[in-house]
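Please read the points below with the sequence and the model side by side. They are meant as a colleague's notes.

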Amino acid sequence: MTSPPTTPYRPLDITVPFPELRAYARTATRLHPRPGAPTAADSSVGGPLLWPADEAWPVCRETGHAGRPERHDGRTLPLLALAQFHCRDVPDLAAFAPAGTDLLQVLWCPFVGHEDGGFSDFGPSTRLFWRRAADVTDPMPEQPGPPFVEYERFVPEP
């Protein structure tokens, strides 16, 4: 059994020459995704989400996308499943989780230029969902996706 990939410790502690930065130090988790076939029970990038069958799949309702309604003809588009992280798999994620949750799910709209608080012209509008994994007893068997995307690079690969 091999150990999970880790980022080596940096040879320089930047807070030594710049002690004023010490107050801003945080643990970061660097992702090391590998091609695979994750299931809805796994933490993954681009894999299926542990989404309840009786909960509506989120959609992008924005029709303008920075004033360009031709992007998807005003239709609502299902968001794309981007990533799913169990607190058990990501150091310190539990510190950010709302009480009673242990699963973070990230979805996004595969179009840029949202005026709804997304990333404007810099990237897709992202939505975060927290839930308790054990509460999902009847997961959605097949997850919807948009019929088209602005850039293929916005479609994650498992």
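The numbered points that follow go from the overall fold to individual residues.

1. Basis of these notes. This is a predicted model, in which local features need pLDDT of at least 70 and side-chain atom pairs count only at pLDDT 80 or more, while totals for chains, interfaces and linings use all residues. Residues are numbered from 1 along each chain as its sequence is written, and side-chain values use heavy atoms, with hydrogens and water left out.

2. Overall make-up. The protein chain has 0 helices and 6 strands, where helices (H or I, at least four residues) and strands (E, at least two) are DSSP runs numbered from the N terminus. Read from the N terminus, the order of elements is accordingly β-β-β-β-β-β. Of the 158 residues, 34% count as buried; buried here means under 20% relative accessible area, exposed over 50%, and partly exposed in between, with a 1.4 Å probe and protein chains only. The chain exposes about 10,300 Å², of which carbon and sulfur atoms supply 57%, the areas coming from the Shrake-Rupley method with a 1.4 Å probe and, for residues, only the protein chains shown counting as cover. Among contacts (heavy atoms within 4.5 Å) between residues at least 6 apart in sequence, 66% join residues at least 24 apart.

3. Nonpolar cores. A nonpolar core is taken as a set of buried Ala, Val, Leu, Ile, Met, Phe, Trp, Tyr and Cys residues joined through side-chain atoms within 4.5 Å. The largest such core has 14 residues, and those with the most contacts inside it are Leu82, Ala83, Phe85, Leu93, Leu104, Val106 and Trp108. The elements that give two or more residues to this core are β4 (80-86) and β5 (103-114). Apart from it lies another core, of 11 residues, which includes Leu77, Ala81, Cys109 and Met140.

4. Arg131, a buried arginine. Which strand holds Arg131? Arg131 lies in strand β6 (residues 120-131), and its relative accessible area of 10% makes it buried. Not counting residues up to four places away in sequence, Arg131 touches Leu50, Trp51, Pro52, Glu55, Thr101, Asp102, Leu103, Gln105 and Val136. Arg131 and Pro98 are 33 residues apart in sequence, with their C-alpha atoms 8.6 Å apart in space.

5. Salt bridges. The structure holds 3 salt bridges, each defined as a side-chain nitrogen of Lys or Arg within 4 Å of a carboxyl oxygen of Asp or Glu. In one of them, the side chains of Arg131 and Glu55 meet at 3.1 Å, N to O. This pair links distant parts of the chain, with Arg131 in strand β6 and Glu55 in the loop between β1 and β2 (59-60), 76 residues apart. Glu55 is partly exposed, at 29% relative accessible area. Asp89 forms a salt bridge with Arg88, with the closest N and O atoms 3.6 Å apart; Asp89 is partly exposed at 42%, whereas Arg88 is exposed at 60%. Asp135 and Arg132 also meet through their side chains in a salt bridge, at 2.5 Å, N to O, and Arg132 is partly exposed at 40%.

6. Cysteines. How many disulfides does a search of the whole structure find? The search finds 0 disulfides, a disulfide being a pair of cysteine sulfur atoms within 2.5 Å. The closest cysteine sulfur to that of Cys109 is in Cys60, and the 3.6 Å between them is too far for a bond. Cys109 counts as buried at 1% relative accessibility, and Cys87 is also buried, with 15%.

7. Surface patch. Leu12, Ile14, Phe18, Leu21 and Tyr24 form a nonpolar patch on the surface, with about 530 Å² of accessible area together. Patches are made of residues with over 30% relative accessible area and no salt bridge, like charges being joined within 9 Å and nonpolar side chains (Val, Leu, Ile, Met, Phe, Trp, Tyr) within 5 Å. Leu12 is found in the segment before β1 (44-45) and is exposed, with a relative accessible area of 53%.

8. A backbone point. Phi of Asp92 is near 70 degrees, a positive value in a residue other than glycine. Most residues other than glycine have a negative phi. Asp92 sits in the loop between β4 and β5 and counts as partly exposed at 41% relative accessibility.
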